[in-house]
Every structure is written in C-alpha cells, then in structure tokens.
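Trainee: Could we go through the aromatic rings together, taking one step at a time?

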Amino acid sequence: QVQLVESGGGLVQAGGSLRLSCAASGPTFTTYVMGWFRQAPGKEREFVAAIKWSGGSTYYADSVKGRFTISRDTAKSTVYLQMNSLKPEDTAVYYCAADREGYFKSSTTYSRRSNYDYWGQGTQVTVSL
C-alpha cells in the first residue's frame with residue numbers, strides 16, 4: 001500500500017514562491033509516475049505536473065509551464081513542486097498522486113486523473129493580491 005503525505009502549502013502574496021513536498025511510502029517506485037493536481041473551489045481537479053520516478057522526465061500543464069518545477073529525491077522517496085511567480089488563480093488544494101504503472105503508459109495520459117492509483121490528502125495554497 002502506498003501512502004502519500006503532502007506538506008508545504010500556505011498563504012503567499014502574488015509573485016511569491018512556495019515549495020510543496022510529497023513524502024511517499026510503500027514499495028519500490030521504479031515503474032511509477034508521480035503527479036501533482038490541484039482543485040480550486042467549484043472547479044474540477046486539474047493536472048499540474050508529472051514526473052517519471054525512473055529517469056526523471058517531467059511534464060507540465062500549459063498554465064504552469066515556466067513557473068513550476070517538479071522534481072524527486074529518490075533517496076528520500078519525496079516529490080517536490082517548486083512554484084514561482086504565483087498568481088491568485090493558482091489558489092487551490094494541491095494533491096500528490098501516484099500511478100503505479102505510469103512508466104509503461106504514453107506521456108499523453110499523465111494528465112488523466114483516472115490513471116492515478118493513490119492520492120494524498122491535499123495541501124492548501126492561497127495566493128493573495
């Protein structure tokens with residue numbers, strides 16, 4: 001069983017930065033793809049970024065490309081989301097997710113919520129003007 005625990009959310013002014021962490025526990029993650037999603041009030045949960053555990057290839061939603069960076073520390077079994085130049089529209093609950101067999105899937109599917117087998121509890125990010 002995989003457990004994902006997010007941390008690092010908070011309140012920040014527009015233009016500021018935050019780094020989210022997702023501590024993963026469970027079996028080896030060699031075939032996993034790890035993702036970050038977010039959900040704003042009244043909106044559907046949307047894809048933010050993903051990373052292949054093996055090799056570290058990264059993928060981003062257009063809305064965050066150039067501002068957010070996803071990375072992982074294999075020794076610590078932790079995935080990070082560095083968020084820079086934050087905007088009020090980035091305000092949402094951010095969720096970490098794990099796709100058990102993502103390594104074998106096309107990267108075009110990494111944005112699909114249905115791909116992911118495990119989810120964290122979420123961490124709130126609020127960006128003020």
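Predicted model: local features only at pLDDT ≥ 70, side-chain atom pairs only at ≥ 80, totals over all residues.

Trainee: How many aromatic pairs are found in a search of the whole structure?

Mentor: Two rings are counted as a pair if their centres lie within 6.5 Å. When the whole structure is searched, the number of aromatic pairs found is eight.

Trainee: Is the pair of Phe-29 and Tyr-32 stacked or edge-to-face?

Mentor: Planes under 30 degrees apart count as stacked, while planes over 60 degrees apart count as edge-to-face. The ring centres of Phe-29 and Tyr-32 are 5.0 Å apart and their planes stand at 85°, so this pair is edge-to-face.

Trainee: Are Phe-29 and Tyr-32 buried or exposed?

Mentor: A residue counts as buried if its relative accessible area is under 20%. Phe-29 has a relative accessible area of 5%, and Tyr-32 has a relative accessibility of 4%, so Phe-29 is buried and Tyr-32 likewise counts as buried.

Trainee: How many residues apart are Phe-37 and Tyr-116, which form an aromatic pair?

Mentor: Their rings are edge-to-face, with 5.1 Å from centre to centre and 80° between the planes. Phe-37 belongs to strand 4, whereas Tyr-116 sits in the loop between strand 9 and strand 10. The pair therefore links distant parts of the chain, and the separation in residues is 79.

Trainee: Which residue lies over the face of Tyr-95?

Mentor: A charge sits over a ring if, among other conditions, CZ of Arg is within 6 Å of the ring centre. Here the distance from the ring centre is 3.6 Å, and the residue lying over the face of Tyr-95 is Arg-45.

Terms used: Residues numbered from 1 in each chain as written. Heavy atoms only, no water. Phe/Tyr/Trp six-rings, centres within 6.5 Å; stacked < 30°, edge-to-face > 60°. Buried < 20%, exposed > 50% of the residue type's maximum accessible area, 1.4 Å probe, protein only. Helix = DSSP H or I, 4+ residues; strand = E, 2+ residues; numbered from the N terminus. Lys NZ or Arg CZ within 6 Å of the ring centre and 35° of its normal.
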